Amino acid sequence: WSESRAKDGNDDGLIDWGDFSAKVSRHLTVGEILQWDSRRRPDSGSEIERELIALATQYDFITEAWGGPLGVTSGYRPEPINYEVGGKPGSFHTKGMALDIYPVGESCSVFHKWLSRRWSGGLGDGCNLGFVHIDIRDEGRFHPRADARPCCTWGY
């Protein structure tokens, strides 16, 4: 395992946020981040886009270290959509800094426990709802050696 910038799959380095099949990183598509909703598209070159790319890179590190596929139940949500879905105002999802993820075909609780020793950002236990929330607040990132602690934790 080595930390390197994830490839977004585009030769020019630009992401087509209108193409749900476009890669944001090795393991994450535009569709997954936007939940196949074109109203969620960030502006190119924006701070939100930069945060989404940084988050996608961390998602890749987690996916590769976990060794199995991860699904996404929630990604970027502009404030009006965040309100629509009952999200907390000012959520890290509205800043492009959060994903709700789950291990495909594996125990969410086992995944949460595994990740809690490797994640330094915000970590929410939503396993009773089928997901684990990760966010990159306080420069949160994945640590492959199981030597990290989340900056904050909570349950849903």
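Entry 1: I began with Glu 139, which is exposed, with a relative accessible area of 73% (buried means under 20% relative accessible area, exposed over 50%, and partly exposed in between, using a 1.4 Å probe and protein chains only). Before going on I noted that this is a predicted model, in which local features need pLDDT of at least 70 and side-chain atom pairs count only at pLDDT 80 or more, while totals for chains, interfaces and linings use all residues. Residues are numbered from 1 along each chain as its sequence is written, and side-chain values use heavy atoms, with hydrogens and water left out.

Glu 139 sits in the loop between strand 4 and strand 5 (helices, H or I with at least four residues, and strands, E with at least two, are DSSP runs numbered from the N terminus). I found that Glu 139 has a positive phi of about 60 degrees although it is not a glycine. Most residues other than glycine have a negative phi. Ala 146 lies in the loop between strand 4 and strand 5, has a positive phi near 55 degrees, and is partly exposed, with a relative accessible area of 31%.

**Entry 2: confidence.** I looked up the pLDDT (the predictor's confidence in each residue, from 0 to 100) and found a chain mean of 93, with 92% of the residues reaching 70 or more. Over residues 1-11 the pLDDT is below 50. Where pLDDT is low, the predicted coordinates should not be read in detail.

Entry 3: I traced an open sheet of five strands in the order 1-2-4-3-5, with mixed pairing (two strands pair if DSSP finds at least two bridges between them). Strand 1 and strand 5 (152-155) stand at the edges with a single partner strand each, so one side of each is left without a neighbour in the sheet. Strand 1 and strand 2 run antiparallel and are joined by four bridges; Gly 71 has Tyr 102 in strand 2 as its bridge partner.

**Entry 4: the core.** Of its 34 residues, Ile 62, Leu 115 and Ile 134 touch the most other members. Helix 2 (47-66) is among the elements that give two or more residues to this core, and its seven residues are the largest share. Not counting residues up to four places away in sequence, Leu 115 touches Ile 62, Leu 123, Val 132, Ile 134 and Phe 142 (contact means heavy atoms within 4.5 Å).

Technical notes. Core = buried A, V, L, I, M, F, W, Y, C linked by side-chain atoms within 4.5 Å.
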